[in-house]
Amino acid sequence: MLINLHVKNLAIIDEIEVDFSDGLNVLTGETGAGKSIIIGSINMATGGKAPKDIIRKGADFALVELLFSVDTKEQEEYLKEHGITTEDDEVLISRKFTKGRGINRINGESVPVSVLKQAAAVLIDVHGQNEQQSLLYKAKHMEIVDRYAREEMAGTSIKYAKAYSTYRKLIEQKESENIPEEERLREISFMEYELNEIENAALIHGEEENLENTYRQLSNAGSVLNGLSEIYSFMGSNANDTVSEKLAYSLRIIGRLCEYDDNLNQFAEQLSEIDSLVSDFNRDITSYMENMETDGSKLEETEQRLDLVRKIKARFGATTALVNEYADKLRKKLGRYREYEVYKAELEEKIKKEEAKLKELSAQMSLVRKRCAKILEKEIKDALADLNFLQVQFSIDIRTLKEYTANGTDEIEFMLSANPGEDLKPIGMAASGGELSRIMLAVKAVLAEHDETSTLIFDEIDTGISGRTAQKVAEKMALIAGRHQVICISHLAQIAAMADAHYLIEKTSDTSHTSTQIRMLGKNEEVQELARILGGARITESVINSAEEMKKLAVNLKKNL
């Protein structure tokens with residue numbers, strides 16, 4: 001359940017912190033006090049879109065934090081499957097909005113918005129002010145039935161989704177390659193031309209780098225040879241005044257001097273080693289110059305090969321590996337185009353196999369839906385009766401489509417007759433706005449009994465109802481709250497009276513500042529707030545007495561639910 005809500009710098013909220021309770025938590029307040037901002041902040045924290053102007057004026061950021069307790073083993077396993085670990089059976093979700101970007105965290109670890117939504121899917125269900133309008137669309141009806149039947153259909157729906165994905169890819173492949181014969185022949189000719197170019201080039205890994213080195217050497221061979229020759233003229237032994245000639249002269253001198261001083265032998269040895277090194281250097285540089293490639297034809301050949309390698313890479317891939325990969329794709333496509341009729345037949349066979357899978361799996365899904373829809377239909381009808389639809393007729397029609405969709409071959413539509421003597425009609429044609437709200441509440445109540453969501457949030461689901469119907473809605477909310485945590489924004493005294501915890505949302509303002517606050521009411525304050533809802537601007541003693549009586553009746557009624 002939702003343990004704590006912390007909001008800072010959001011819209012007209014400076015900073016609020018709320019500890020929620022088990023059971024039915026009701027939030028009330030004057031119109032415009034900021035009730036929907038509270039629920040909106042929860043929506044945003046669980047992955048909903050944030051308006052651009054959500055950060056409070058003058059602040060650098062907005063922050064929303066939600067602390068949940070993980071109440072069931074199923075919730076814990078679901079979170080683990082999605083890579084979310086709990087800490088002391090709790091999950092802290094936070095979203096920080098800045099003017100540049102948003103930061104999403106779960107238990108202090110940064111995560112993408114998609115992970116926030118995955119966590120929210122099992123922890124909380126938020127019913128927005130206009131969500132009942134989604135009942136006007138058949139896609140929502142399918143979603144409701146599938147959510148009700150998800151345990152029975154889980155394995156089958158996963159298999160179907162995989163088969164449908166494969167099927168769609170094959171269909172797209174068939175459509176994209178369904179080309180006229182003349183165009184096919186042109187494509188074959190062009191592919192053969194490209195493939196011949198690549199194969200004739202016969203690129204070798206690392207060849208371009210080696211060619212570049214060779215080209216650089218050959219194009220500068222004259223400069224290198226001249227430079228080496230000049231160096232040899234300084235070092236060589238066949239000329240006067242060279243390093244070799246000077247070393248020979250120095251060795252003769254040191255040899256005579258050693259006859260007078262044995263300590264000079266070490267210098268003689270060093271000179272001898274230097275002489276040997278210079279001799280080796282002269283031999284090596286001579287050999288290198290003799291073997292240098294100076295043939296112009298070799299340079300031209302290297303340049304032509306380098307140009308070819310670069311041309312092939314420029315056309316077919318930046319690296320040899322990418323060129324080869326492109327060639328492999330060409331060969332496969334060329335094979336298909338050359339054997340086009342065989343390829344088409346094989347593709348048709350694959351499509352038939354996937355269609356057979358889809359047919360079997362969609363039939364299984366349809367059977368599960370029809371079986372579960374019958375039970376769901378009765379449960380929703382009973383829930384509607386509890387909400388003062390006394391003579392309602394409700395049915396779930398499941399029709400078979402001719403084509404395969406992402407959800408199988410079923411089309412689901414909720415049908416309703418709210419008054420005696422009226423035929424069943426699509427729910428959008430038969431229900432008013434207030435009736436849609438009650439129908440959605442009935443659906444939520446039924447689904448809440450069949451999933452692991454701990455917390456249900458209703459934002460003014462009581463819009464458009466009053467009198468006995470309002471009392472019935474209040475009783476249904478209290479009944480749901482016996483098994484789930486319910487957080488409800490309401491303007492009805494009947495629902496407020498049923499609260500296990502009652503919170504007042506207030507807006508304070510002066511000439512330069514407006515702020516929304518929320519606080520939990522004590523017993524006497526609850527009665528005062530009920531009296532405000534009942535009496536409006538003028539609260540008399542009789543109104544207060546009515547509020548007290550309403551609260552007592554609600555307490556007694558909840559004991560019998």
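1. Helices (H or I, at least four residues) and strands (E, at least two) are DSSP runs, numbered from the N terminus. The model is predicted: local features need pLDDT of at least 70 and side-chain atom pairs count only at pLDDT 80 or more, whereas totals for chains, interfaces and linings use all residues. Residues are numbered from 1 along each chain as its sequence is written, and side-chain values use heavy atoms, with hydrogens and water left out.

2. The largest pocket has a volume of about 1,100 Å³. A pocket is an open set of points on a 1 Å grid over the protein atoms alone, where a 1.4 Å probe fits, with protein on both sides within 12 Å along at least five of seven lines; lining residues have an atom within 4 Å of a point. The volume is the space filled by probe spheres set on the points, which are joined across faces, edges and corners.

3. Lining this pocket are 31 residues; Tyr78, Ala121, Val122, Arg147 and Arg150 lie nearest its centre. At least two lining residues come from each of α2 (73-81), α3 (113-123), β8 (124-127), α4 (138-148) and α5 (150-176). The largest share, six residues, is that of α5.

4. Strand β8 also belongs to an open sheet of six strands with mixed pairing, in the order β8-β12-β13-β3-β14-β15. Its edge strands, β8 and β15 (514-520), each pair on one side only. Two strands pair if DSSP finds at least two bridges between them.

5. Between β8 and β12 (residues 455-459) the pairing is parallel, over four bridges. Within β12, Phe458 is the bridge partner of His127.
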